[in-house]
Amino acid sequence: MNDSVVEKLISIGCLKFGNFTLKSGQTSPIYCDLRLLISYPEILTQVTDDLWTIFSKMEIKLDRICGVPYTALPIATHLSIQHSIPMVFRRKEAKEYGTKKMVEGKFEDNDKCLIVEDVVTTGSSVLETAENLRSVGLKVDTAIVLVDREQGALENLKQAGVKLISLITMSDIVEYASKTGCLPSEQLVALQNLNNGHMNGSSNDLQSLKDRAALTSNWSSKNLMSVLMSKQSNLCLSVDETDCQPWNARGSEKFKMRYWQCTGYNICGRNEAHPETWYPITTPGNVELAKQHKDLVCGFVYRNFEAVKDDSFVRFMPGVALETSSDGDQKITSQFERAMAERSVTS
């Protein structure tokens, strides 16, 4: 059954192979885009039914079902209707009007709720959903997913008391590609190396947040990494400083450091997507300058993961804004809904 599922997902473009930049800044030879399933109702039905077949063998009692927003909602809706299981809806954020609820739908205290997800990497989205559901009295101990990228979700969820059941894994995808010869040799090798790295507990030579926190002498970095570990999510908030003179008018190192000192302690380097204000922050000279002042600089905002290889720095990706904006050269922020739809590659 696994080969059949992989074949179907490849045929409609849900599994893409090449060279993709993930929201973490890392590159990956595979991109899982299960949002496309909604345009193929027959395949959506088939893979969802296959997932349910695996889950039903566990003979787990259910009272409610909840899809992780947004891609998993059609999957959860299909299961809810097909098997007459009442569904609840978890919002990504509470509304500032009406009931202001995070979890919508009818349920009772101690109802057992199944979480449904499309793809998991570390499992952070499932964990966040479980936390929201538990906060309103629902019991959560199981999650089902179409694709497990095998990058820590199984163990992370287990530690949080959630059993993960998957339809296919990254190992299944690699096995299918190896047997069928559907990929050029260099792509297959890249996929195998990626999977071997994940199975051995590494991820593109990234150290864990715990190890990285031990490396840094910057108290702000240590504090931020501690918070990210405690909430098991890499989402955070930053504020841009917009009131400054053009960097190209005062490009000396003395002025750069003076600007950093004057605009606040423990700030991040400026975004490399603003060439009109200063040349890219992640040029070798600037990275070296930051290394000399680690008590002042906690990290960088940048897209190219290879630009800063020092794990003691915090790495930020460009975020979202209320409105899509551009610097005239490339888009640097996008509206929340679009960012979630187009840039949420990992959990």
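Let me start with helix 3, residues 73–83, where Leu73, Ile75, Ala76, His78, Leu79 and Ser80 are buried, buried meaning under 20% relative accessible area with a 1.4 Å probe and protein chains only. Please keep in mind that this is a predicted model, in which local features need pLDDT of at least 70, side-chain atom pairs count only at pLDDT 80 or more, and totals for chains, interfaces and linings use all residues. Residues are numbered from 1 along each chain as its sequence is written, and side-chain values use heavy atoms, with hydrogens and water left out.

An α-helix has 3.6 residues a turn, so residues three or four places apart point the same way. What covers the buried residues of helix 3? The cover includes helix 2 (41–56) together with strand 3 (64–67), strand 4 (87–90), strand 6 (113–120) and strand 7 (142–148), where contact means heavy atoms within 4.5 Å. Just after helix 3, serine 84 takes a positive phi of about 55°.

Turning to strand 2, residues 27–32, five of its six residues are buried. Strand 2 pairs with strand 1 (residues 15–21) in the antiparallel sense over five bridges, and pairing here requires that DSSP finds at least two bridges between the strands. Within this pair, threonine 27 of strand 2 is the bridge partner of threonine 21.

For the chain as a whole, there are twelve helices and 14 strands, taken as DSSP runs numbered from the N terminus (helices H or I, at least four residues; strands E, at least two). Of the 347 residues, 44% count as buried.

Key:
Buried means under 20% relative accessible area, exposed over 50%, partly exposed in between (1.4 Å probe, protein chains only).
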